Amino acid sequence: MSGLSVFFPAYNDSGTIASMVIRAVQVASELTPDYEVIVVNDGSADATPEIIDELARTYPRVRAVHHPQNRGYGGALQTGFRSATKDLIFYTDGDAQYDPAELRSLWGRMGEDSDLVNGYKISRSDPLHRIIIGRVYHHIVKQMFGLTVRDVDCDFRLMRRRIFDQINLEKTSGVICLEMMKKITDGGFRIVEVPVHHYHRAFGKSQFFNVPRICKTAIDVFGLWFALVILRQHRRGNVTPLTAHTE
């Protein structure tokens, strides 16, 4: 039976991270005796650091990793992947818009014929403007990058750690998900898709949906498109494995 690393990138998630971690411990322990749960605190300004330190003291399989300063969503994901030590890695966000219990569905679809089990939202529980922007974004990037997955940005994924022996993630912003899916697709890894529920945000607010961030994301997407589709940089040279060191 494969070992399992579960990790949560967390930024100002003090209202939700404890319940997410406790639920993840319960589910992971049902799936395999060889598991760990990691929380990456990305320079939170609220009580998130204290809460995850207390969780780590309470649960032996829980580990807290702290960024002294905010490194961005991509930076938190990179740290999570580097910190994971097991053969299978699952991650989702710490804001409780996904239910860690649905990891069971992904686990059941991870077989010899799959390298990544990618969740896709059954329906998006967000304000209408976010749903519209999200749909437009997904349509555009799927066309630009030649992707066939239903949901590029569903941060509910179970994957084999060895993927990162062949691909290297570089982005520190939210476009890391697009970078990851493009590189995994071009690497020939086998992707299985599973529907998952998406819930209303009960605590905090999104860091993305404001005009400056949307403009920055657009610039990042076009830069990534030029690097990966036009220059095809990821298909050249040596890859420094993302899992080669830990934070």
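Analyst: The side chain of Glu179 makes a polar contact with the side chain of Lys183, at 2.8 Å. (A polar contact here is an N or O atom pair within 3.5 Å; within protein, one atom must be able to donate a hydrogen and the other to accept it, and residues adjacent in sequence count only if both atoms are side-chain atoms.) This is a predicted model, where local features need pLDDT of at least 70 and side-chain atom pairs count only at pLDDT 80 or more, while totals for chains, interfaces and linings use all residues. Residues are numbered from 1 along each chain as its sequence is written, and side-chain values use heavy atoms, leaving out hydrogens and water.

The Glu179 side chain also reaches the backbone nitrogen of Lys171, at 3.0 Å. Leaving aside residues up to four places away in sequence, Glu179 touches Asn168, Leu169, Glu170, Lys171, Leu224 and Leu228, with contact meaning heavy atoms within 4.5 Å. Glu179 counts as buried because its relative accessibility is 1%; buried means under 20% relative accessible area, exposed over 50% and partly exposed in between, with a 1.4 Å probe and protein chains only.

Glu179 sits in helix H6, residues 176-186 (helices are DSSP runs of H or I, at least four residues, numbered from the N terminus). Now for the largest nonpolar core: it has 34 residues, with Phe81, Met159, Phe164 and Leu178 making the most contacts inside it. H6 gives this core its largest share, six residues. Such a core is a set of buried Ala, Val, Leu, Ile, Met, Phe, Trp, Tyr and Cys residues joined through side-chain atoms within 4.5 Å.

Terms used. Helices (H or I, at least four residues) and strands (E, at least two) are DSSP runs, numbered from the N terminus.
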